[in-house]
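Here is a friendly walk through one protein chain. Have a look at the sequence and the structure, and then let us explore them together.

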Amino acid sequence: MAGVKSLVALAFSGSIGLLFLFLACALPQFNNWYPFTVVIFYLLSPIPTLIAKRHSDDSSSNPCRELAWFLTTGIVVSAFALPIVLARAPVSEVIPTPGPIDLSTTTTLAPVTNTTTNTTTVIEGVPAALVTMANLVMFITIGGFFFGFEEDTSWGY
């Protein structure tokens with residue numbers, strides 16, 4: 001029964017992490033789905049460890065496991081870095097101002113000189129913080145699964 005309780009706790013914490021991620025993307029004041037790309041990191045992070053566990057017989061340190069931990073660490077660091085980079089990346093939007101109304105006085109290939117440039121970021125600070133909290137909760141959940149069910153290797157192999 002203890003296995004069921006821990007599995008329910010992991011499912012609950014995973015749903016809390018996804019809630020933070022959906023809030024960062026879907027709230028009307030943000031309405032930007034670029035941070036949702038961290039789901040790719042959630043899916044990729046356990047793959048090197050699963051492959052290393054499958055191909056190594058002992059529990060001691062070996063090059064296969066060390067490489068798996070290195071790749072997993074790179075994926076996790078990338079997931080935490082993505083919202084920070086998106087919050088700092090400038091996006092410039094050039095808005096041309098209306099030209100003259102009389103079309104007979106304009107030349108055909110004249111450059112537009114009256115422009116306004118708005119500079120913003122890809123995402124704001126609050127969605128970046130929500131995605132960072134979602135990353136924290138999701139990677140704790142993924143780590144809890146690997147450390148909590150480490151000795152149980154009887155899932156069909």
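Buried means under 20% relative accessible area, exposed means over 50%, and partly exposed lies in between (1.4 Å probe, protein chains only). Helices (H or I, at least four residues) and strands (E, at least two) are DSSP runs, numbered from the N terminus. In soluble globular proteins, nonpolar side chains tend to be buried together.

Before going on, a word on the source: this is a predicted model, in which local features need pLDDT of at least 70 and side-chain atom pairs count only at pLDDT 80 or more, while totals for chains, interfaces and linings use all residues. Residues are numbered from 1 along each chain as its sequence is written, and side-chain values use heavy atoms, with hydrogens and water left out.

Which residues does valine 38 contact, leaving aside its neighbours within four places in sequence? They are Leu21, Ala79, Leu82, Val131 and Asn135, where contact means heavy atoms within 4.5 Å.

Now for the aromatic rings. A search of the whole structure finds seven aromatic pairs. Rings of Phe, Tyr and Trp (its six-membered ring) pair if their centres lie within 6.5 Å; planes under 30 degrees apart count as stacked, over 60 as edge-to-face and the rest as tilted. Two of these pairs are set out here.

| Pair | Centre to centre | Angle between planes | Type |
|---|---|---|---|
| Phenylalanine 22 and tryptophan 33 | 6.4 Å | 65 degrees | edge-to-face |
| Tryptophan 33 and phenylalanine 36 | 5.8 Å | 75 degrees | edge-to-face |

The pair of phenylalanine 22 and tryptophan 33 links distant parts of the chain: phenylalanine 22 is in helix α1, and tryptophan 33, 11 residues apart from it, is in the loop between α1 and α2. Phe22, Trp33 and Phe36 form one aromatic cluster.

Asparagine 31 has a positive phi of about 45 degrees although it is not a glycine. Most residues other than glycine have a negative phi. With a relative accessible area of 53%, asparagine 31 is exposed.

From the N terminus on, the elements run α-α-α-α-β-β-α. Of the 157 residues in the protein chain, 25% are buried. Among contacts between residues at least 6 apart in sequence, 70% join residues at least 24 apart.
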